[in-house]
Amino acid sequence: MIDEIKLKKESYIIAEIAQSHDGSLGNCFSYAKSAKEVGCDAIKFQIHIANEESSREEKFRLNIFPQDKSRYEYWERTSFKFEEWLILRNYCSEIGIDFIVSPFSSKALEWSKKLNVDAIKIGSGEVSNKILLSEINNIFKGSLPVIISSGMSTYNELDDAINLLKRVNKTIIPMQCTSKYPTRPEEWGLENISIMKKRYGGYIGFSDHSGDIYAALGAITKGADLLEIHMVFSKKCFGPDTSSSVTIEQMSKLVEGA
């Protein structure tokens with residue numbers, strides 16, 4: 001386990017897989033192997049547990065999967081058991097790539113602790129979730145870095161979240177993020193990186209949803225220390241994140257340029 005994000009080069013690069021594995025553990029292994037081979041420092045997944053964060057009555061906000069009649073069915077189909085997460089975590093350790101997760105429930109946080117993850121990532125929609133933030137403090141007690149995206153928050157809301165986390169955590173990394181998929185160049189918000197540098201100090205990151213490598217490369221010129229980029233096997237993959245993701249070949253070029 002790392003005590004803080006150690007920057008091996010100009011930027012620490014995270015390949016965000018989110019739900020692009022579509023419930024296939026084999027896909028997760030392939031993504032981890034590919035991310036390692038092209039030079040990414042870490043791979044990140046989202047831990048969703050259907051009966052912890054949804055119900056069978058919850059409707060989709062946007063359903064692109066015809067086989068799923070509700071969000072609950074989607075999470076149930078695409079999620080993994082703890083034992084499967086453990087196999088994946090051990091595989092990432094074996095090949096030497098950091099393993100980062102975004103938890104979306106109390107149980108997911110407990111699993112993250114048992115998995116001995118290298119960092120926790122707080123998604124944009126959870127910035128004002130003080131219960132989740134407090135549980136991060138209580139469960140991890142400042143033992144690992146906490147990365148937090150700004151995509152759905154004001155600066156005041158982000159301030160509140162960071163101040164709460166600072167009670168325990170020594171390494172907090174705010175990420176400039178635009179929660180629009182994909183984001184156009186005028187929506188990247190790269191100017192916020194320098195604002196965050198002055199406002200928070202320490203490491204500042206950029207979470208990219210543009211679907212290409214240019215925003216992330218631009219973020220480096222603005223001083224971003226950490227990059228998180230969604231990655232898919234191909235632009236022909238079926239899923240909600242494809243349009244805002246880079247391919248493995250594009251990720252290779254990004255790593256080279258960073």
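Analyst: A word on terms before the strands: two strands pair if DSSP finds at least two bridges between them. In this predicted model, three bridges join S6 to strand S7 (residues 205-208), and the two run parallel.

User: Which residue in S7 is the bridge partner of Cys 177?

Analyst: The bridge partner of Cys 177 in S7 is Ser 207.

User: And how many bridges join S5 to S6?

Analyst: Strand S5 (residues 146-149) is joined to S6 by four bridges, and these strands run parallel; Ser 149 stands opposite Met 175 in S6. Between S5 and S6 the chain passes through helix H7 (residues 155-166), in a β-α-β crossover that is right-handed.

User: What do S6, helix H8 and S7 make?

Analyst: Together with helix H8 (residues 191-200), S6 and S7 make a β-α-β unit that is right-handed.

User: Is S6 itself mostly covered or exposed?

Analyst: Strand S6 (residues 172-177) is mostly covered, with six of its six residues buried. Ile 172, Pro 174 and Gln 176 point one way from the strand, while Ile 173, Met 175 and Cys 177 point the other way, and all are buried. In a regular strand, side chains alternate between the two faces of the sheet.

User: Switching to helices: which residues of H3 are buried?

Analyst: In helix H3 (residues 71-78), the buried residues are Arg 71, Tyr 72, Tyr 74, Trp 75 and Thr 78. Seen down the axis of H3, these buried residues fall within an arc of 160°, so they line one face of the helix.

User: What do they pack against?

Analyst: The buried residues of H3 pack against helix H2 (50-53).

Key:
Residues are numbered from 1 along each chain as its sequence is written. This is a predicted model: local features need pLDDT of at least 70, side-chain atom pairs count only at pLDDT 80 or more; totals for chains, interfaces and linings use all residues. Side-chain values use heavy atoms; hydrogens and water are left out. Buried means under 20% relative accessible area, exposed over 50%, partly exposed in between (1.4 Å probe, protein chains only). A crossover is right-handed if, with the strands pointing away from the viewer, the path from the first strand over the helix to the second runs clockwise. The arc is that of the directions from the helix axis to the C-beta atoms. Contact means heavy atoms within 4.5 Å.
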